[in-house]
Amino acid sequence: MASEREDTVEKISDFDPDAKETKETATPITTAKTSPTSTKEPALETDGYGSTDDHVFSDPSVAERWRGVYEKAGYENRHRFDPEYKWTAEEEKRLVRKIDARIMVWAWVMFCALDMHRRNINRAISDNFLPETGMNTNDFNYGQTIFLACFLAAELPSGLVSKKLGADVWIPTIMVGWSVTAMCQAFLKNRAGFYAIKALLGLLMGGFIPDIVLWLTYFYKSGELPLRLAWFWTALSTVNIVGSLLAAGILQMRGINGWSGWQWLFLIEGLLTTLVGIFSWGLMPPGPTQTRHWFRGKDGWFTEHEEFILVNRLLRDDPSKGDMNNRQAVGPVLLFKAVKDWEMWPLYIIGLTTYIPPGAPTNYLSYILRQIGFSVFEANLLAIPSQFLFAVNLLLVTWLSRHVNERSIVSSTSNIWIFPWVLALVLLPDNASPWVRYAMLTGLLSYPYCHAILVAWNAKNSNAVRTRAISAALYNMFVQSGNIIAANLYRDDDQPLYRRGNKILLGITVFNIVLFYVVKVFYIWRNRIRDRKWNAMTAEEQENYVLTTKDEGMQRLDFRFVH
């Protein structure tokens, strides 16, 4: 929320990583009653919970304008829209806890099911997967590249299909699809089969993350989601820890029924995630007022009073959340508009390069440990400490971003952290102790993962529900492009220490640190240009603009980029 309550018009978007905005990054100053998208709330002693008499729909003309928008859009929750509805802070807090238990926990479980199959190949290669399928490191890299390229290619189409069918239908479908495909890896015999399965897995998995994040915005206010996204991304470290423990045991099944350990690994983990996918058809409601279902109960998860609270608290936080039905497709015109929003591209570039430095060591950690003398069992268990520290740092850096209301500088700490560890790997002599090299890798992979901040930053700056799904997919496509680069930096002729690859990682790390600060300066510059245009208008011109403009999203003059 803005700190200046009486004269602030704010464009509130999903994933806002702060409950407060500074004047530099908030929406511009004008008269709140003139804007149909203002959120004019008094300072509360309830952390923003509970209804107030002073909100975006306090002006009846504004409320009626938005009611018309919701009716025209066929917004699925419009029957619960009531500008005069009241509720207490305790009622809302209790409801949010209920949403956490019903929605957030299962979203986290589904993400674990995704990452289980993105990462288990890294554990399989510690169990002679490559020689037994007639492949080498370069073949493995090509397979990972095929997976990531297909993952990238599927992001946008999957998002468009999900927007049309509904995330509650599409996500469980692709989950069961990728789980069955992943089980088929147990029967791999050669490089061609490996490439084919990796392509199919990429196509099935590609849209999951932007689809699930968009689905979460149907239930959470702007300021609530970032920390929950941080917990959501702890699935990465959880899966690596649990997966390493599972692999340490399952890989010992080598020889049972004549199978290798890695074959049992793919089969058992595929069966587990198939069950998660099947249950997801019943545990994913389309939206807040659509929880009635034979699996969820004839009365649904929320009472009528709770549904009124759910819908009105979301719309008072961001009125634009109701300008589109959750089963409404995004057409080619909106797609083109989102792509040509050039002011979003600095964030896409950050997504492209930020995760390359830790990407290669993450893919090869267990394999590197095997090459420098550790056993299969040890190589899998030794991955656990870095994943625990990774989760801790993820939560800390997200909390810090929200606490100080800063994105770019806080996010830069990810690559600042990585720099000395990569430098050490470049400088370590060949005869260094395996335990010293392991310590350097563990330190590097414990970095503060800033993905939750960047996803929130991207969605906040996209500033419109109609384009948010597209910008989220585009951002993730750039992230996957970076992963493709990372997957090809460690080459077969550079193993086991990968000195050439680490030197490249060092250069990219330095570039990333500078990039975060350049992007911050870019958005400060764009905001100052808008300030000059807005302040040149009279109060009457500003009011007329707010009520009649056809500008949308970030193109509005009363919108300011956050950074």
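**Helix packing and cavities**

Guide: Gladly! In this predicted model, the axes of α2 and α4 come within 12 Å of each other and cross at roughly 175°.

Visitor: What makes α2 roughly antiparallel to α4?

Guide: The term roughly antiparallel is used for angles over 145 degrees. The axes of α2 and α4 cross at roughly 175°, so α2 counts as roughly antiparallel to α4.

Visitor: Which residues make the contact?

Guide: From α2 come Arg118, Ile121 and Asn122, while α4 brings Phe140, Gln144, Phe147 and Phe151. By class, the residues of this contact are four nonpolar, two polar and one charged.

Visitor: Why is a space inside the protein called a cavity?

Guide: It is called a cavity because a 1.4 Å probe fits there but cannot get out. Searching the whole structure with a threshold of 30 Å³ or more gives eight cavities, and the largest cavity has a volume of about 500 Å³.

Visitor: Which residues lie nearest the centre of the largest cavity?

Guide: They are Arg118, Arg119, Thr362, Tyr449 and Asn483, out of 27 lining residues. Two or more lining residues come from each of α2 (89-124), α4 (137-165), α8 (225-250), α13 (356-371), α15 (384-404) and α19 (465-487). The biggest share belongs to α19, with six residues.

Terms used:
Residues are numbered from 1 along each chain as its sequence is written. This is a predicted model: local features need pLDDT of at least 70, side-chain atom pairs count only at pLDDT 80 or more; totals for chains, interfaces and linings use all residues. Side-chain values use heavy atoms; hydrogens and water are left out. On a 1 Å grid over the protein atoms alone, a cavity is a set of points where a 1.4 Å probe fits but cannot get out, and a pocket is an open set with protein on both sides within 12 Å along at least five of seven lines; lining residues have an atom within 4 Å of a point. Grid points are joined across faces, edges and corners, and a volume is the space filled by probe spheres set on the points. Helices (H or I, at least four residues) and strands (E, at least two) are DSSP runs, numbered from the N terminus. Axes are lines fitted to C-alpha atoms, for helices over the stretch in contact, and angles run from 0 to 180 degrees between N-to-C directions. Angles under 35 degrees count as roughly parallel, over 145 as roughly antiparallel, 65 to 115 as roughly perpendicular and the rest as oblique. Contact means heavy atoms within 4.5 Å. Ala, Val, Leu, Ile, Met, Phe, Trp, Tyr, Cys and Pro count as nonpolar, Asp, Glu, Lys and Arg as charged, and the others, Gly among them, as polar.
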